[in-house]
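Biologist: I am new to this structure, and I would like to learn how to read its charged side chains. Could you take me through them slowly?

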Amino acid sequence: MGVFSMAKKLHVGNLKFDMTDQELEEAFAKFGAIASATIEKDRVSGRSKGFGFVEFVNDEDADKARDEMNGKGLKGRTVRIDNARDQKDS
């Protein structure tokens with residue numbers, strides 16, 4: 001209690017390097033409302049680092065997406081999906 005939980009964020013690994021934020025969002029939108037979908041990019045080159053984050057409005061939708069998409073193909077790559085760790089909780 002006392003800990004206010006906002007939307008649940010998932011870490012999505014092994015993405016194709018040409019995938020866009022919009023494609024990432026579209027791939028997960030079927031599971032529920034998405035607060036944000038971003039692919040991490042290298043600060044210098046601007047190229048994808050091959051992973052990203054999808055933040056869902058509802059925890060249940062995030063759990064379903066994680067369970068159904070983990071180990072599945074996305075644009076020809078087998079993705080790995082985990083709950084993202086909150087950097088503030090180190």
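This is a predicted model: local features need pLDDT of at least 70, side-chain atom pairs count only at pLDDT 80 or more; totals for chains, interfaces and linings use all residues.

Biologist: Is Asp63 buried, partly exposed or exposed?

Modeller: Buried means under 20% relative accessible area, exposed over 50%, and partly exposed in between, with a 1.4 Å probe and protein chains only. Asp63 has a relative accessible area of 24% and so is partly exposed, whereas Asp67, with 55%, is exposed. Residues are numbered from 1 along each chain as its sequence is written, and side-chain values use heavy atoms, with hydrogens and water left out.

Biologist: Which residue forms a salt bridge with Asp63?

Modeller: A salt bridge is a side-chain nitrogen of Lys or Arg within 4 Å of a carboxyl oxygen of Asp or Glu. Asp63 forms one with Arg66, their closest N and O atoms being 3.2 Å apart. Because the two are 3 residues apart in helix 2 (residues 59-69), about one helical turn separates Asp63 and Arg66; helices here are DSSP runs of H or I with at least four residues, strands are runs of E with at least two, and both are numbered from the N terminus. Arg66 also forms a salt bridge with Asp67, again with closest N and O atoms 3.2 Å apart. Through shared partners, salt bridges join Lys8, Asp63, Arg66 and Asp67 into one network.

Biologist: How many salt bridges does the whole structure have?

Modeller: A search finds 7, among them the pair Lys41 and Asp21, at 3.6 Å from N to O.
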